[in-house]
Amino acid sequence: MSGFVPDSIDPTLVPVYRFPTEATMPKIGLGTFGSDKYSPQQIADAVRDAVRSGYRHVDCAAVYGNEREIGGALRDLAAEGVRRDDLWVTSKLWNDRHAEEDVVPACRQTLANLGLDHLDLYLVHWPFPNYHAPGVDVSARDPHAQPYRHEAFMATWRQMERLVASGLVRHIGTSNMTIPKLRLLLRDAAIRPVVDQMELHPHFQQPELFDYVVSEGILPVGYCPLGSPSRPERDRTPNDTSDMDDPAVLEIADRRGVTPAWVCVRWAIQRGQVPIPFSVKRAQYLDSLRAAIADPLSEGEMAALAAIDRGCRLIKGQVFLWKEGQTWEDLWDPHGEITPP
Ligand SMILES: NC(=O)c1ccc[n+]([C@@H]2O[C@H](COP(=O)([O-])OP(=O)(O)OC[C@H]3O[C@@H](n4cnc5c(N)ncnc54)[C@H](OP(=O)(O)O)[C@@H]3O)[C@@H](O)[C@H]2O)c1
């Protein structure tokens, strides 16, 4: 393979999750949301080099605005001999394409941009059809914003199912869901979601949702696995905490001579979620990949990390609220039932 790099990691060492279809997803993926800070080309360059270095799983989304550039990287990798079947590529349907007639064309557009004939996984990015443009601030609202409506979500989901039937997509899943919304989906779906992508890091462990999806045979994929230190301003509030500065994380990192990011990735994989850390910096994404193939943390270390959950949600989703006077908690069904319109 011409793109081989000397300090790369053998991708066959990376543990995989096996779906009922027998397809396997590497238990670490590279995130590709540049947090309004990194350019599409920087991210595509990172994807190219990360795959050359041993990554085989890339987490994309139409709204990240870089699928065309990532497609260029994927084409280079294919030319170097990276087989499509050895890559796991996820993408996501953006909120402004939930209408029945938009889902299949949106997926086809993503495939054209990525230069692929199928996706391994396609997610409904948010359960709300509420649009926000890239780069907006926290006060931005879609003037046509709506609450969650199950019938509308199922109309979108039927099109997701069509994508599986037509072969454009191998698996479908959800993101930013809650237990009551998932319950309804599982009741009504002809094809079940195989993944729920959710925010998961030591300070935000979501134990109830995590246990629920696992009990339903759904794989939790964890975003912001390092506590998203570079997230956009709209996703910062004064009480947010920082996982990589937590004394328990630092203590384990010091004792083992590893980085706090390494500890977060190792913890995530051992707990049973698939982390998708983002970085455009080689030392950082290699560090995360090394954590994925490292020896396990001890039971005591896992217990110490389980104990630092602070319920600190970072991606609160304010821009998706649908009426005046709401708080972001309303998006997350805090009372165990879908927040009424
Ligand atoms: N489904 C959804 O709604 C959703 C929402 C958010 C994210 N996501 C996905 O999840 C991915 C990851 O989330 P995220 O990017 O917000 O957060 P993250 O992965 O927790 O944090 C990424 C940041 O951490 C720093 N970092 C990375 N590796 C490091 C290392 N080894 N040591 C020290 N610092 C390190 C980098 O900061 P610097 O750049 O400052 O160095 C990087 O920008 C996204 O890229 C996206 O693919 C999905």
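The dialogue below takes up the chain as a whole, then its sheet, and then the ligand shell.

Mentor: Please note that this is a predicted model, in which local features need pLDDT of at least 70 and side-chain atom pairs count only at pLDDT 80 or more, while totals for chains, interfaces and linings use all residues. Residues are numbered from 1 along each chain as its sequence is written.

Trainee: How many helices and strands does the chain have?

Mentor: Helices (H or I, at least four residues) and strands (E, at least two) are DSSP runs, numbered from the N terminus. The chain has 10 helices and 10 strands. Its radius of gyration is 19 Å, close to the 20 Å that the globule rule gives for 341 residues, so the chain is as compact as a globular protein of that length. That radius is taken over C-alpha atoms, and the rule is 2.2 Å times the number of residues to the power 0.38.

Trainee: What is the order of the strands in the open sheet?

Mentor: Two strands pair if DSSP finds at least two bridges between them. Here eight strands form an open sheet with parallel pairing, in the order β3-β4-β5-β6-β7-β8-β9-β10. β3 (30-31) and β10 (274-275) stand at the edges with a single partner strand each, so one side of each lacks a neighbour in the sheet.

Trainee: Which strand does β5 join through four bridges?

Mentor: Strand β5 (residues 88-93) is joined in this way to β6 (residues 121-124), and the two run parallel. Within this pair, S91 stands opposite Y122 in β6.

Trainee: Is strand β9 mostly covered or uncovered?

Mentor: A residue is buried if 20 or more other C-beta atoms lie within 10 Å of its own, exposed if 12 or fewer, and partly exposed in between, with C-beta atoms placed from the backbone. Strand β9 (residues 219-223) is mostly covered, as five of its five residues are buried. L219, V221 and Y223 point one way, while P220 and G222 point the other way. Five bridges join β9 to the parallel strand β8 (residues 195-199), where Q197 stands opposite V221. In the chain, buried residues make up 44% of the 341 residues.

Trainee: Which residues come nearest to the ligand?

Mentor: A residue is near a molecule if its C-beta atom, placed from the backbone, lies within 6 Å of it. Of the 28 residues around the ligand, G31, Y223, L226, A261 and F278 come nearest. Helix α9 (residues 282-292) gives the largest share of the shell, three residues.
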